[in-house]
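Reader: Could you walk me through the reasoning behind some of the labels on this model? I would like to see how each value leads to its name.
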Amino acid sequence: LLVLGIILLCLSSIHPHDYPTWWLETFPIFIAAPILTATYKRHPLTPLVYRLLFAHALILMLGGHYTYAEVPLGYWMQDWFEFTRNNYDKIGHLAQGFVPAMLFRELLLHHSPLHQGKLLFTLVTASCLAVSASYELVEWAAAVLLGQGADAFLGTQGYMWDTQSDMLMALIGALGAQLLLANIQDKQLHLKTA
């Protein structure tokens, strides 16, 4: 996945919409990939989490290459579902809750006294909302610092409730991931420790 990810990241950097937006959108990959590589032997994650992180990186690469407001999949969704805007950014924000939920859940199960249950579910959800809110603050800072130059990064497309709907998508992602994938993750964690 790492090699394929590097190849796809390089491809996404070829003639993007604009390079500042590409850097802003793909920057999390440049942070996460070295950390995941450095911790792979000592603290490996489950295959589920690595695959989810890879999928999230792909979402970021597409958003960086086209800008979230211009990704072709978003236009297809706009036509199919008669949306008033390109909603590809909502896929990104759904992933912003879905993928970290499984990462946080695994880290908390592995490195804390927490075990499966309501407290774990609540803390994972709250952690994902904290990530989402932090990202919205980064977007706000970019808007203040870059002015009109941040439009491609923000991708609001004039939608007044963009920030709130972004955080809602992250919440839905965090809840959905835990409800859908907790059993799979638990089995992989059990196999890893057995």
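Reader: What makes the span of H3 agree with its number of residues?

Author: Happy to start there, with the reminder that this is a predicted model. At 1.5 Å a residue, the 20 residues of H3 should span 28 Å, and the C-alpha atoms at its ends are 29 Å apart, which agrees.

Reader: Why is H3 called mostly covered?

Author: Buried means under 20% relative accessible area, and 14 of the 20 residues of H3 are buried. Just after H3, Thr67 takes a positive phi of about 75°.

Reader: How do you know whether H1 and H3 are roughly parallel or roughly antiparallel to each other?

Author: Helix H1 (residues 2-12) and helix H3 (residues 47-66) pack at an angle of about 10°, and their axes are 9 Å apart. Angles under 35 degrees count as roughly parallel, and H1 and H3 are therefore roughly parallel to each other.

Reader: Which residues make that contact?

Author: On the H1 side they are Leu4, Gly5, Leu8, Leu9, Leu11 and Ser12; H3 brings Phe54, Leu58, Met61 and His65. These residues divide into 7 nonpolar, 3 polar and no charged.

Reader: Now the rings. Why is the pair of Trp23 and Phe30 called tilted?

Author: The structure holds 7 aromatic pairs. In this one, the ring centres are 5.3 Å apart and the planes stand at 35°. Rings pair if their centres lie within 6.5 Å, and planes under 30 degrees apart count as stacked, over 60 as edge-to-face and the rest as tilted. The pair of Trp23 and Phe30 is therefore tilted. Phe81 and Phe83 also form a tilted pair, with centres 5.5 Å apart and planes at 35°. Ring pairs link Trp22, Trp23 and Phe30 into a cluster.

Reader: Where is His15 found, and how do you know whether it is buried or exposed?

Author: His15 is found in the loop between H1 and helix H2 (19-39). Its relative accessible area is 68%, and the cut-off for exposed is over 50%, so His15 is exposed. His15 has a positive phi of about 50° although it is not a glycine.

Note on methods:
Residues are numbered from 1 along each chain as its sequence is written. This is a predicted model: local features need pLDDT of at least 70, side-chain atom pairs count only at pLDDT 80 or more; totals for chains, interfaces and linings use all residues. Side-chain values use heavy atoms; hydrogens and water are left out. Rings of Phe, Tyr and Trp (its six-membered ring) pair if their centres lie within 6.5 Å; planes under 30 degrees apart count as stacked, over 60 as edge-to-face and the rest as tilted. Axes are lines fitted to C-alpha atoms, for helices over the stretch in contact, and angles run from 0 to 180 degrees between N-to-C directions. Helices (H or I, at least four residues) and strands (E, at least two) are DSSP runs, numbered from the N terminus. Angles under 35 degrees count as roughly parallel, over 145 as roughly antiparallel, 65 to 115 as roughly perpendicular and the rest as oblique. Contact means heavy atoms within 4.5 Å. Ala, Val, Leu, Ile, Met, Phe, Trp, Tyr, Cys and Pro count as nonpolar, Asp, Glu, Lys and Arg as charged, and the others, Gly among them, as polar. The expected span of a helix is 1.5 Å times one less than its number of residues. Buried means under 20% relative accessible area, exposed over 50%, partly exposed in between (1.4 Å probe, protein chains only).
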